[in-house]
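Here's a quick tour for anyone opening this structure for the first time. Have a look at the sequence and the 3D view, then read on.

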Amino acid sequence: MSAARKHTALPKAQILIEALPWLTRHNGKTIVIKFGGNAMIDEELKAAFAQDVVFLRQAGLKPVVVHGGGPQISAQLDKQGLVSEFKAGLRVTTPEAMDVVRMVLAGQVQRELVGLLNQHGPLAVGMTGEDAHTITATQHRPTIKGELVDIGRVGEITAIDTGAIQALLDDGRIPVISSIARSADDDHVYNVNADTAAAALAAALNAKTLMVLTDVEGLYEDWPNSDDVISRLTAGELEKLLPELSSGMVPKMQGCLYAVRNGVETARVIDGRVQHSILLEIFTDEGIGTMVVPDAQPGTAAQPGTEGEA
C-alpha cells in the first residue's frame with residue numbers, strides 16, 4: 001500500500017520540483033497582472049484566477065491585480081438606456097457614462113474579485129487609481145482621420161504614485177486596482193484603459209513581470225492565415241508589428257512594449273480562457289502565450305536559464 005501511495009504522489013512531487021527554479025527566481029518580486037476577457041465573466045475561470053493569484057502570494061511573490069470591466073460596463077449602460085459608443089477603439093465616456101463606469105468597476109467588478117481572493121485569507125484590498133493619487137490623468141483626445149476627437153472622460157496617464165500600493169505589498173496584501181484615474185487639472189475622474197494602466201503601474205513599481213490576460217492564445221504570427229503563436233519577441237520586433245495588429249491587441253501590446261522599455265524584465269500576453277494560465281506561464285518550462293523582452297544591450301547575451309529564454 002505504501003509503495004502505491006508513493007507512486008501516485010510522485011507526479012505531484014515532479015511538478016513541484018519543476019517549479020523550484022522559477023520560484024527561486026521570482027521570490028520577493030512584484031508581478032502586475034491585468035485581469036480581463038473571459039476570465040472576468042466565466043465563474044470557473046474567475047475562481048481559478050483567484051487561486052493563482054493567492055498561490056503567487058503564498059509562494060513569495062508580490063502580485064498586484066489591475067482590472068477593467070468592459071462587458072459589465074456595457075451591460076449596465078444598456079440597463080440604464082445609455083448607448084455604448086466606441087471611437088478609435090475607446091469607449092466614448094460622457095459624464096453619465098463615467099458615473100456608471102465608476103460604479104461598475106469599483107462597486108461590482110472590484111468587490112467580486114476582492115471577495116474571491118479573500119476566500120483564501122485576509123489578503124486582498126481594493127482601491128481605484130483615485131485613491132492616494134495612485135493614477136493621475138488628463139483628457140485623452142485620439143486622432144481620427146487627422147483630427148483630434150473629444151471622447152469625453154477618457155484619460156491619458158500623466159503620473160503614478162505607488163506609495164499606497166507599496167505599503168499594501170509591504171504588509172503582505174494583494175492590491176486590486178480599478179482603472180479609474182483622478183484628474184490632473186479639475187475635479188473629474190477619468191476612465192483609463194486597463195491595459196495601459198497595468199503597464200504604467202508595472203513600470204512605476206519596478207515589477208519583474210507584467211502579465212496581460214486576454215481571449216486569444218497570444219500574438220499570432222500570421223493571423224488569420226495561421227494560428228501559430230509567437231512565443232517570444234523583443235521590444236524592437238514588437239514595435240515593427242504594431243501597425244499590423246488588430247485594434248483589440250494594440251493597447252495590450254503597446255502596454256507590453258512600454259513596460260519592457262521602462263524597466264520591466266518581461267511582459268506576457270496569455271490566454272485567460274485556460275484555467276491556471278498564470279501558473280502555467282510562470283512556473284513551467286513550456287510556458288504559454290507570448291513573451292516580450294527588452295532589446296539586447298550591445299555586448300550582452302542571454303544567460304542560460306534566464307528570462308531571455310522562452
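What follows is a short briefing, grouped by topic.

This is a predicted model, so local features are given only where pLDDT is at least 70 and side-chain atom pairs only at pLDDT 80 or more, while totals for chains, interfaces and linings use all residues. Residues are numbered from 1 along each chain as its sequence is written, and side-chain values use heavy atoms, with hydrogens and water left out. Helices (H or I, at least four residues) and strands (E, at least two) are DSSP runs, numbered from the N terminus. "Buried" means under 20% relative accessible area, "exposed" means over 50%, and "partly exposed" is in between (1.4 Å probe, protein chains only).

**The nonpolar cores**

- A nonpolar core is a set of buried Ala, Val, Leu, Ile, Met, Phe, Trp, Tyr and Cys residues joined through side-chain atoms within 4.5 Å.
- The largest one has 41 residues, and Ile33, Phe49, Leu56, Leu117 and Ile278 touch the most other members.
- Among the elements that each supply at least two residues of this core are α1 (2-26), β1 (30-35), α2 (43-58) and α9 (277-283).
- Helix α4 gives the most to this core, with 11 residues.
- Leu117 touches Ala50, Val53, Val54, Ala124, Ile174 and Val176, leaving aside residues up to four places away in sequence; contact here means heavy atoms within 4.5 Å.
- There's also a second, separate core of 39 residues, and its members include Leu168, Ile177, Leu219 and Cys256.

- Two strands pair if DSSP finds at least two bridges between them.
- β16 pairs with β14 (residues 232-234) in the parallel sense over 3 bridges, and Thr234 stands opposite Val293.
- With β15 (residues 266-271), β16 pairs in the antiparallel sense, again over 3 bridges; there, Val269 has Thr290 as its bridge partner.

**Two helices and what covers them**

- Helix α8 (residues 250-260) has Lys252, Met253, Gly255, Cys256, Leu257, Ala259 and Val260 as its buried residues.
- Those buried residues pack against β1, α6 (194-204), β13, α7 (235-241), β15 and β16.
- Over in α3, the buried residues include Gln72, Ile73, Ser74, Gln76 and Leu77, and their cover includes β4 (90-91) and α4.
- Just after α3, Gly81 takes a positive phi of about 75°.

**Thr128 and Val83: buried or exposed?**

- Thr128 is found in strand β5 (residues 124-128) and counts as buried because its relative accessible area is 7%.
- A polar atom of the Thr128 side chain lies 3.0 Å from the backbone nitrogen of Glu130.
- Setting aside residues up to four places away in sequence, Thr128 touches Ala106, Gln110, Thr134, Ile177, Ser178 and Ile180.
- Val83 sits in the loop between α3 and β3 (86-87) and counts as exposed because its relative accessibility is 73%.
- Val83 and Ala97 are 14 residues apart in sequence and 8.8 Å apart in space, C-alpha to C-alpha.

Technical notes:
A polar contact is a pair of N or O atoms within 3.5 Å; within protein, one must be able to donate a hydrogen and the other to accept it, and residues adjacent in sequence count only if both atoms are side-chain atoms.
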